[in-house]
Amino acid sequence: MTPDTRLRAALELRGFLRRSTRPAVAPTGVLSAALETLRGVLPYDCAAFARWDPVARCHVTLAGIGYPAAVLRFLDTRMHTDPLFAEVHRSGSPLRVRDVPRHRRRGEIFETIIDPLGFADGLTQCLFARDGRYLGMLNASTVDRRHPDDDAVALLDLLADDLAAALDPLPTALPATGALADGRTEGLLVTAAAPVVALSAGARPELAAPGSPLRPLLDDLLAGREPPGTLLVLLGADLLAVSLGGGTHGVVVLHRPADPPFGLTPRELEVLDAVSRGRTNAGTARALRVSPRTVATHVEHVLAKTGCPNRSAAARLAARLGLLV
């Protein structure tokens, strides 16, 4: 197999992935076909694509060729705990067995996969979205010591973005989703036809549930309307700063903890929301199951803390804050 032949195979695979994986994540059949085509780039005996589940904190194999079921279970549930995996994840480049110093060729990866199955070499490639989210990995193993050679590694680098896109639940990565790496921002994907997909471990799917104050806005975006600015959403006792992005193919909901504006308590935020909707004290009292006198006291506190002279000014403030309760 000549270098030109392998480059043509890599370009063919890239074109196939770009045709097959938009506007939604690639189905298993596409990934299985991609693995078959990958043989022309990287001759292997066993290979597998696995997506990272940020909530369960494990991988999920979506397509595999040749690996026994026990090996796939290890790749899904244990691979990410191995120090060598942490090194591959950190570097962002494929790591071959031959590149690992001999004194470090030990641990579960060698004891579970490489040594028992007689592999002479292989590689792991971690796959990332353009905004930095970790999406999953490609593993390939060979009994032929000649592979994977330097050309294969270079071609996998060429294909990295397209291989990653095949694992990405987002129809189109947004620049804002890079915030998911900051340690405070969480996210989820909402589409019209599929269940909510968590993009991070702390995602709050209830933001998109029926009855959520955010749900009507999500439906508007899925219908093609423009997204609003940053919102303040009171979810139980938690106040979240929420931003929405995307369109008819899917809406990305990013959220992070927010400090209460003007030092308002959760109850006072509920009252401010009720005021912004034009509810009377009596109507608010019924909704919150408290007395009208208690509501009147809360309204006084809201006006005092925010500096609003009256209920109309408070309603305008709630709109500017993007408050949803």
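Predicted model: local features only at pLDDT ≥ 70, side-chain atom pairs only at ≥ 80, totals over all residues.

Modeller: Residues are numbered from 1 along each chain as its sequence is written, and side-chain values use heavy atoms, with hydrogens and water left out.

Biologist: What is omega for the peptide bond from His-147 to Pro-148?

Modeller: Look in the loop between strand S5 (134–142) and helix H6 (150–165), where Pro-148 is found. Helices (H or I, at least four residues) and strands (E, at least two) are DSSP runs, numbered from the N terminus. The bond from His-147 to Pro-148 is cis, and its omega is near -5 degrees.

Biologist: Is His-147 buried or exposed?

Modeller: Buried means under 20% relative accessible area, exposed over 50%, and partly exposed in between (1.4 Å probe, protein chains only). His-147 has a relative accessible area of 14%, so the word is buried.

Biologist: Which residues is His-147 in contact with, leaving aside neighbours within four places in sequence?

Modeller: Contact means heavy atoms within 4.5 Å. His-147 lies in the loop between S5 and H6. With those sequence neighbours set aside, its contacts are Pro-43, Arg-98, Asp-121 and Thr-142.

Biologist: What is the relative accessibility of Arg-289?

Modeller: Arg-289 sits in the loop between helix H9 (281–288) and helix H10 (292–306). Its phi is positive, near 60 degrees, in a residue other than glycine. Arg-289 counts as exposed because its relative accessibility is 80%.
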